[in-house]
Amino acid sequence: MEHLPDLPRVVQLPDGRHIYADPTSLPATFTGPQVVHQHIHQAAPDKTVQRIALGSGVGAGAVAAGVYFGPLLVGALTAIAANIAMLAFLALILGWCVHTVVKSIGSDAGTAAVKNVRKARRRR
């Protein structure tokens, strides 16, 4: 038996686990379990949707469509909102112009201006 090489021994650690180890490589004293700090970050919304879709059994084609059409939909909705905002701004400006014209015509200064224009037309 003395001609066989030294095989690694099975050593039981103080926490109950068994490992193959060389007794000279073990620490002299057990320092206890190591504390691991794990940072968990929330995934981006599109990746969350992918994970939910894949977890519920949806195929890869549906996930790929979500990845492609998701940003496309956001871009289209943003463009539509920008167009509606521009139309609302134009409506506001035109409404202010109409209000200003009607207000000036209905006042005494507007009436005097209309009379001056009529007089100028008659003189020609």
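This is a predicted model: local features need pLDDT of at least 70, side-chain atom pairs count only at pLDDT 80 or more; totals for chains, interfaces and linings use all residues.
Colleague: Where do I begin? How many helices and strands does the protein chain have?

Modeller: Begin with the secondary structure. The protein chain has three helices and two strands. Then read their order. From the N terminus, the elements run β-β-α-α-α.

Colleague: Next, the surface. What share of the 124 residues counts as buried?

Modeller: Buried means under 20% relative accessible area. Of the 124 residues in the protein chain, 6% count as buried. The accessible surface of the chain is about 11400 Å². Carbon and sulfur atoms hold 66% of that surface.

Colleague: Take a single residue, then. Is L87 buried or exposed?

Modeller: Compare its value with the cut-off. Exposed means over 50%. L87 has 57% relative accessibility, so L87 counts as exposed. L87 lies in helix α2, which spans residues 60–106.

Colleague: Which residues form the nonpolar patch on the surface?

Modeller: The patch is made of M86, L87, F89, L90, L92 and I93. Together they have about 610 Å² of accessible area.

Colleague: Now two helices. At what angle do the axes of α2 and α3 cross?

Modeller: Look at the distance and the angle of the axes. Helix α3 covers residues 108–123. The axes of α2 and α3 come within 4 Å and cross at roughly 80°. Angles from 65 to 115 degrees count as roughly perpendicular. Therefore α2 is roughly perpendicular to α3.

Colleague: Which residues make the contact?

Modeller: From α2, they are S104, I105 and G106. From α3, they are D108, A109, G110 and T111.

Colleague: What about charges? Why can side chains pair?

Modeller: Side chains of opposite charge can pair when their charged atoms come close. Here the count is one salt bridge. The side chains of R17 and D15 form a salt bridge, at 2.8 Å from N to O.

Colleague: How accessible are R17 and D15?

Modeller: R17 has a relative accessible area of 48%, so R17 is partly exposed. D15 is at 43%, so D15 counts as partly exposed too.

Colleague: One last case. Where does P33 lie?

Modeller: P33 is in the loop between β2 (18–21) and α1 (45–55). P33 counts as exposed because its relative accessibility is 75%. Now compare chain and space. P33 and D15 are 18 residues apart along the chain. Their C-alpha atoms are separated by 8.5 Å.

Conventions:
Residues are numbered from 1 along each chain as its sequence is written. Side-chain values use heavy atoms; hydrogens and water are left out. Patches are made of residues with over 30% relative accessible area and no salt bridge: like charges are joined within 9 Å, nonpolar side chains (Val, Leu, Ile, Met, Phe, Trp, Tyr) within 5 Å. Accessible areas come from the Shrake-Rupley method with a 1.4 Å probe; for residues, only the protein chains shown count as cover. A salt bridge is a side-chain nitrogen of Lys or Arg within 4 Å of a carboxyl oxygen of Asp or Glu. Buried means under 20% relative accessible area, exposed over 50%, partly exposed in between (1.4 Å probe, protein chains only). Axes are lines fitted to C-alpha atoms, for helices over the stretch in contact, and angles run from 0 to 180 degrees between N-to-C directions. Angles under 35 degrees count as roughly parallel, over 145 as roughly antiparallel, 65 to 115 as roughly perpendicular and the rest as oblique. Contact means heavy atoms within 4.5 Å.
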